[in-house]
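Morning, everyone. Please look at the screen, and I'll walk you through one model.

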Amino acid sequence: MSKPRIWFNGDLVDYEDATIHVLSHVVHYGSSVFEGIRAYATDRGPAVFRLREHMARLVDSAKIHRMDLGYSVDALCDAVVETISASGLEACYVRPVSFRGHGPMGVNPLNNPVHTVIAVWEWGQYLGAEALEQGVDVQVSSWNRPAPNTLPSMAKAGGNYLGGSLIKMEALKNGFAEGIALTVDGYLSEGSGENLFLVRDGEIYTPPTTMSILPGITRDSVIQIARERGYTVVEKTLPREALYLADEVFFTGTAAEVTPVRSVDHYQIGEGRRGPVTEELQSAYFKALRDTDNPNGWLTFTQDSAPAAPKAEAEAL
């Protein structure tokens, strides 16, 4: 089976032709912003979860890093739909990325061109299918999240994920599935690529955006779902030991979806498996991903939104 084509600066190109120069600014300085989005199979065809919110965050991330994408949020949403429609996939992971390309060498990026690419591929559960029920074992990382006014955490930028890679590699080398980072002041922040939630005495807690976290769209979705179901959700500063005393702990993220944590630093969390609150929120979240009634307006159905006619073939890059 051939690989899906890739949307590259407005044109669909063959997978093998979506290339960049080795002297591109992004290769040397990490100057990219990106998104992670999922499209799910439904009775109405592929449905993209919270597409507009993701593309608005891409534009916001680019603004923070002074990158002019040259595309509106609407145009980027249309490009995602076009790419998925051309792929023939019923469900897929979607990766839009904007980056600074080949131009003058040096830290200053202002004279380098900005390129935008959208790729799709099949991708299962990030932490493993069994993790959704059994939970994962994690550790508190020795690596902290950046201090405020160093790297802007509200931007989903490629360079920010160098720290996430260190957190993830350390955890795997130590026999854990994932790591949890603290802030420079020792408070709970987030995982290597996931937001963090704790449940204690029936209330749900999560670190606020001031704790150097990315404001996750899945995080926001789960908060909305929890409040609609009558739970109190508190965004507050949390110490490390709150993890060990929690009744339940879980991660959220586009890739991780809603993944329970069964132990932290070899401390068993609750019963050592997915807890009832996590299970309820997980079930409600997965229902929302495929609910063709779309009560929250969170789904973009690609068959309803696909262009009437395909764009002209792109010339070779």
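Where is the place of D201? D201 sits in the loop between strand 11 (195–200) and strand 12 (203–206). Keep in mind that this is a predicted model. Now, the backbone of D201. Its phi is near 50°, a positive value in a residue other than glycine. Is D201 buried or exposed? D201 counts as exposed, because its relative accessibility is 64% and the cut-off for exposed is over 50%.

R66 is another case. R66 is not a glycine, yet its phi is positive, at about 55°. R66 lies in the loop between helix 2 and helix 3. With 69% relative accessibility, R66 counts as exposed.

Helix 3 covers residues 73–87, which is 15 residues. From its first C-alpha to its last, helix 3 reaches 21 Å, close to the 21 Å expected at 1.5 Å a residue. Which residues of helix 3 are buried? They are V73, L76, C77, A79, V80, V81, E82, T83, I84 and S87. Here is a general point to hold on to. An α-helix has 3.6 residues a turn, so residues three or four places apart point the same way.

Next, the inside of the protein. In soluble globular proteins, nonpolar side chains tend to be buried together. In this model, the largest nonpolar core has 25 residues. L51, M55, V80, I84, C92 and V94 have the most contacts inside that core. Who supplies it? Strand 4 (37–42), helix 2 (51–64), helix 3, strand 6 and strand 7 each give at least two residues. Helix 3 brings the largest share of this core, seven residues. Take V80 as an example. Not counting residues up to four places away in sequence, V80 touches L51, M55, V94 and I118. Apart from this core lies another, of 23 residues, with A47, I204, I225 and L289 among them.

Now the loops again, but with buried residues. Find N112, in the loop between strand 6 (92–100) and strand 7 (114–121). N112 is buried, because its relative accessible area is 5% and buried means under 20%. What does the side chain of N112 reach? A polar atom of that side chain lies 3.0 Å from the backbone oxygen of G101. The side chain also reaches the backbone oxygen of P104, at 3.4 Å. Leaving aside neighbours within four places in sequence, the contacts of N112 are H25, R100, G101, H102, G103 and P104.

S212 is in the loop between strand 12 and helix 6. At 6% relative accessibility, S212 counts as buried. Leaving aside neighbours within four places in sequence, S212 is in contact with R145, P146, A147, P148, S153, S189 and E190.

Last stop, the largest pocket. How much space lies in it? About 560 Å³. The lining has 33 residues, and K156, Y161, S192, G193 and E194 lie nearest the centre of the pocket. Strand 6, helix 5 (161–173), strand 10 (188–191), helix 6 (217–228) and strand 14 (248–253) each supply at least two lining residues. Helix 5 gives the most to the lining, with five residues.

Definitions and conventions. Residues are numbered from 1 along each chain as its sequence is written. This is a predicted model: local features need pLDDT of at least 70, side-chain atom pairs count only at pLDDT 80 or more; totals for chains, interfaces and linings use all residues. Side-chain values use heavy atoms; hydrogens and water are left out. Helices (H or I, at least four residues) and strands (E, at least two) are DSSP runs, numbered from the N terminus. Buried means under 20% relative accessible area, exposed over 50%, partly exposed in between (1.4 Å probe, protein chains only). A polar contact is a pair of N or O atoms within 3.5 Å; within protein, one must be able to donate a hydrogen and the other to accept it, and residues adjacent in sequence count only if both atoms are side-chain atoms. Contact means heavy atoms within 4.5 Å. The expected span of a helix is 1.5 Å times one less than its number of residues. A nonpolar core is a set of buried Ala, Val, Leu, Ile, Met, Phe, Trp, Tyr and Cys residues joined through side-chain atoms within 4.5 Å. On a 1 Å grid over the protein atoms alone, a cavity is a set of points where a 1.4 Å probe fits but cannot get out, and a pocket is an open set with protein on both sides within 12 Å along at least five of seven lines; lining residues have an atom within 4 Å of a point. Grid points are joined across faces, edges and corners, and a volume is the space filled by probe spheres set on the points.
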